[in-house]
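Trainee: I am new to this structure. Can you show me how to read it, one feature after another?

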Number of protein chains: 2
Amino acid sequence: MSDFELESWLRTRRAEIDALFAARLAIVPPAEDPGRLVEAMRYSLLAPGKRLRPLLVLAAAEAVGREPDEPLLLAAAAVELVHCYSLIHDDLPAMDDDDVRRGQPTNHKVFGEATAILAGDALLTLAFAWLAEAGAATLAATGDPLVAKRHLRAVAALAKGAGMSGMVRGQARDLGEPPPESLQAVERLAAEKTGALFRAALEVGSILADAGPAQEEAMIRFGESYGVAFQHADDLVDEDHVTTQNEARQRLHVLTQTALDALSLFNGRAEPLRALARRLVDG
Amino acid sequence: MSDFELESWLRTRRAEIDALFAARLAIVPPAEDPGRLVEAMRYSLLAPGKRLRPLLVLAAAEAVGREPDEPLLLAAAAVELVHCYSLIHDDLPAMDDDDVRRGQPTNHKVFGEATAILAGDALLTLAFAWLAEAGAATLAATGDPLVAKRHLRAVAALAKGAGMSGMVRGQARDLGEPPPESLQAVERLAAEKTGALFRAALEVGSILADAGPAQEEAMIRFGESYGVAFQHADDLVDEDHVTTQNEARQRLHVLTQTALDALSLFNGRAEPLRALARRLVDG
């Protein structure tokens, strides 16, 4: 898949995800939106974004052989809800205290801290509602009783990646410990704070495409390597963790190759995933 | 079921739930608990509580015919996780700004705002992990493919009750609007802020006990009436909404009777639920 084809694939899928968000979180008249909760959720969710995590869900599913249908898009979008909630809560004054996100005032700067906390809570909760709904819709469409089991496994994977042993743990570590200095400490933090949700995205996509155990294992390896590589690339751009910059540049290449190697058992349908990994080093 | 028998039933079930929490959220050595996240989760979750919502899950399941086993206790406990997270976030300075909860300093007074926010996020996420795990365990024990579907429906019910059209909506209304003055406004707020999670508890319990549609409908009616009645009883004790106190006292009786009437199609196995409802008026 050439870069141009990847761009086309990304554009198409991203448009589908954005359309789903706009339709599902439609504008609510102020009188029916107490505390501006829905407005605040829309504000952050509909802000322009790369939609990388749901794209990884779809790319993983495609690699295993499932093309995007409505319920799969809904499940993919659920992973973005979790990412979006985490950004809102991370930006809060008690956390990173950020005023600007993606060129716009952060959620709490516009809606106040209380609504921002609640908007995050609601987005996180909605993620699991959407996964369950995706399961019910797929079950109704296929009649395959294994569909419910797969979606329940997807719920477990997302909750694990997002929660106390994954993303939230990374957040707690980031706030509760001095900045990491060694490469090992940088990567441990990245694996929790960033990698765990990437891994969950790959798991959700492959589980819902009915991947076999070897395929699922490969996707988990891809997700873990990709997640930490992504964080290295991000840190290098932001000039974070300056003590590890040379090491980080090397590790970015090694981890990207590890991610690509993990895909060796997949055919050409894994090209979107491969192209996404190559972009980490090609910029 | 006499009051004494109810007390015995409550004590037994509560001990099972408390034991589950203590075992599942075991003490973590400080070095392995970055940001004191687990310590903060334990602090709020293991504080003495009535455990009313998980008790309602178990009572609903028992009414339909399912005795508490390990996975059902886990699913019931998941509903308490959601309640516990909501208390931590409600107490935050940006929200109700409470310093004391159940006679102890609130979570953020002990652990700081950042950790309190994250502990809430982690508890909410863990609730869905536990529901999914309960499903996987029951599926493994029974081999019944419908088990996964039921647990997926329980995920949907809990997410709906907890989220943007339920509990979080009530929180947003409470913070974003002046205090309700009419009975109707008081009950709308109570239905969202309190009733939606009670309703979800009844739904989770009846769904996981494989209730028929009429039984499930009855449980929903019970949950909705019980939830608002519970809030009236709570407000009367706290002398909240003083303009509606006489009306609230009458409505407490009417709604309790409505809840009891909803149970007419159940036999003696619904006695714990009936006794819980009667306690609202008997004090």
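This is a predicted model: local features need pLDDT of at least 70, side-chain atom pairs count only at pLDDT 80 or more; totals for chains, interfaces and linings use all residues.

Trainee: Let us start with the copies. What rotation superposes chain A on chain B?

Mentor: First the general idea. Two copies of a chain are related by a rotation about an axis and a shift along it. Here the rotation is 180°, with 0.0 Å of shift along the axis. The RMSD of the superposition is 0.0 Å. The two copies are therefore related as by a two-fold rotation axis.

Trainee: Which C-alpha of chain A is nearest the axis?

Mentor: That of Ala148(A), at 2.6 Å from the axis.

Trainee: What about the core? Which residues have the most contacts inside the largest one?

Mentor: Start with the general idea. In soluble globular proteins, nonpolar side chains tend to be buried together. In this model the largest nonpolar core has 199 residues. Ala75(A), Leu158(A), Ala75(B) and Leu158(B) have the most contacts inside it. Take Ala75(B) as a case. Beyond its close neighbours in sequence, its contacts include Trp130(B), Leu131(B), Ala154(B) and Leu208(B).

Trainee: On to helices. How do I check the span of H7(B)?

Mentor: Count 1.5 Å a residue and compare. H7(B) runs over residues 146-162 and has 17 residues. Its first and last C-alpha atoms are 24 Å apart, close to the 24 Å expected. For burial, 15 of the 17 residues of H7(B) are buried, so this helix is largely enclosed by the rest of the structure. In chain A, H7(A) is mostly covered, with 15 of its 17 residues buried.

Trainee: Which residues of H12(B) are buried?

Mentor: They are Pro272(B), Leu273(B), Leu276(B) and Ala277(B). Look down the axis of H12(B): these buried residues fall within an arc of 140°, so they line one face of the helix.

Trainee: Now backbone angles. What is the phi of Arg36(A)?

Mentor: The general idea again. Most residues other than glycine have a negative phi, and most peptide bonds are trans. Arg36(A) has a positive phi of about 55°, though it is not a glycine. Its place is the loop between H1 and H2 of chain A. Arg51(B) also is not a glycine, and its phi is positive, about 60°. Arg51(B) sits in the loop between H2 and H3 of chain B.

Trainee: Is Arg51(B) buried or exposed?

Mentor: Buried, because 23 other C-beta atoms lie within 10 Å. Arg36(A) is buried as well, with 21.

Trainee: One last residue. Where is Gln215(B)?

Mentor: In helix H10 of chain B. Gln215(B) is buried, with 21 other C-beta atoms within 10 Å. Leaving out residues up to four places away in sequence, Gln215(B) touches Val64(B), Ser206(B) and Leu265(B).

Definitions and conventions: Residues are numbered from 1 along each chain as its sequence is written. Chains are lettered from A and ligands numbered from 1 in the order in which they are written. Helices (H or I, at least four residues) and strands (E, at least two) are DSSP runs, numbered from the N terminus. A residue is buried if 20 or more other C-beta atoms lie within 10 Å of its own, exposed if 12 or fewer, and partly exposed in between; C-beta atoms are placed from the backbone. Two residues are in contact if their C-beta atoms, placed from the backbone, lie within 7 Å. The arc is that of the directions from the helix axis to the C-beta atoms. Copies are superposed by least squares on the C-alpha atoms of residues with pLDDT of at least 70 in both. A nonpolar core is a set of buried Ala, Val, Leu, Ile, Met, Phe, Trp, Tyr and Cys residues joined through C-beta atoms within 7 Å. The expected span of a helix is 1.5 Å times one less than its number of residues.
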